[in-house]
Amino acid sequence: MTSASSVTVKLNTGAEIPLLGFGTVSEENVETFKEALTAALVDAKYKHVDTAWWYNTEPYIGEVLESLDKSGQIKKDDIFITTKVWPCYWNDPENSVEISLKNLKLDKVDLLLQHWPVCFQKVEDSNGRVGLPKDAAGNILYDKDGDYLVTYKKLLKLKDEGKAKAIGVSNFTIEMLERVIKETNVVPACNQVEMHPHLPQLDLYNYCTKKGIVLEAFSPFGSSGAPNLKIPLVKELASKYDVTPADIIVNYSIAKKIVILPRSSNVERIKKGYKLISLEKSEVEALDQFGVAHPQRFVNDPWGKNLGFEHWG
Ligand code: NDP
């Protein structure tokens, strides 16, 4: 059977993006993370890695890419790399990108995303880390002068300077997409959002499809514990096609031309990759309708509250 790692879709820049990307949030130790990434790149032949300044995994991705390239197991240039600018860098994304590129040992990324349409103050927490500033009562310290449009404009400049081949956003609603497009006349190449059979977000899907914005599905299995793999319809289809429930979710996304970014630290599982199958149109629609009837969002980070997302909380 063909592997899902080989299929691509075109971005509005003309570049091809692999529809399967390896998610690099990590709850594991560094060695386990590096083994997982190596299995994804070498055994499962992933051609796309999704990371972010916020994940703290960029230095290890940089090491693995360089070492596999040197040993001839992969060509680093063949791997599509995405990174993201965190809200504490809303006003100086160039500094965020400089750190990311240094850690990834690259001079440019294939795709640079604005991680969230919010702006944090850049102050250290009690551990000396910037990223999620909070006051003594635990409230997040937003930058009152911040505007996500400023970040978007600065990302466009970074693309012009050659630091990224394409620019996109993440966690944007239709209204936010409309605003940045109206203000800059530049349509983002993609919008990375939580999307899976429990959260098909059909209005956002239809809008992005019409505008030529590639959607990317994060937390496709429902994040830690992978609850989406237990959906009865997903299990039923897995049994019909003699594949795993994870294969069904990957193929549901691929059928809709949505980039999918699953994460795993289980090397044996990663090595098997995902099988490419042809779901029937009616099956894809049935999975959509499951989500319409049973909407559930699994990533409910506090800074996402009140931004206008469907089915928050
Ligand atoms: P996922 O939805 O990919 O789920 C990961 C969980 O699924 C892990 O616990 C993993 O366990 C388990 N899992 C994976 N494969 C299987 C399988 N075949 N059978 C059973 N369990 C399985 O989680 P994430 O929330 O990490 O999302 C994926 C990626 O999306 C992130 O890593 C990141 O790159 C991106 N992301 C982006 C966000 C944004 O704001 N832009 C927000 C959140 C995520 P195990 O390790 O044991 O395999």
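User: Which residue follows helix 5, and what is its phi?

Analyst: This is a predicted model. Helix 5 covers residues 174–184. Directly after helix 5 comes a residue with a positive phi. That residue is Asn-185, with phi near 65°.

User: Within what arc do the buried residues of helix 5 fall?

Analyst: Met-176, Leu-177, Val-180, Ile-181 and Thr-184 are buried in helix 5. Seen down the helix axis, they line one face, because their directions fall within an arc of 130°.

User: Which exposed residues does the face of helix 5 turned away from its buried side carry?

Analyst: The buried side has cover that includes helix 4 (148–160), strand 7 (167–170), strand 8 (190–194) and helix 6 (202–211). The face turned away from that side carries Glu-175 and Lys-182.

User: Which strands stand at the edges of the open sheet?

Analyst: The sheet has eight strands in the order 3-4-5-6-7-8-9-10, with parallel pairing. An edge strand here has a single partner, so one side is left without a neighbour in the sheet. The edge strands are strand 3 (22–23) and strand 10 (259–260).

User: What is the bridge partner of Asp-50 in strand 5?

Analyst: Strand 4 (residues 48–50) and strand 5 (residues 80–85) run parallel, joined by three bridges. In strand 5, Asp-50 has as its partner Thr-82.

User: How many disulfides does the structure hold?

Analyst: A disulfide needs two cysteine sulfur atoms within 2.5 Å. For Cys-119 the closest cysteine sulfur, in Cys-88, is 11 Å away, too far for a bond. For Cys-190 the closest, in Cys-208, is 9.2 Å away, also too far. The number of disulfides is zero.

Terms used:
Residues numbered from 1 in each chain as written. Predicted model: local features only at pLDDT ≥ 70, side-chain atom pairs only at ≥ 80, totals over all residues. Heavy atoms only, no water. Pairing = 2+ DSSP bridges. Helix = DSSP H or I, 4+ residues; strand = E, 2+ residues; numbered from the N terminus. Buried < 20%, exposed > 50% of the residue type's maximum accessible area, 1.4 Å probe, protein only. Arc of directions from axis to C-beta. Contact = heavy atoms within 4.5 Å.
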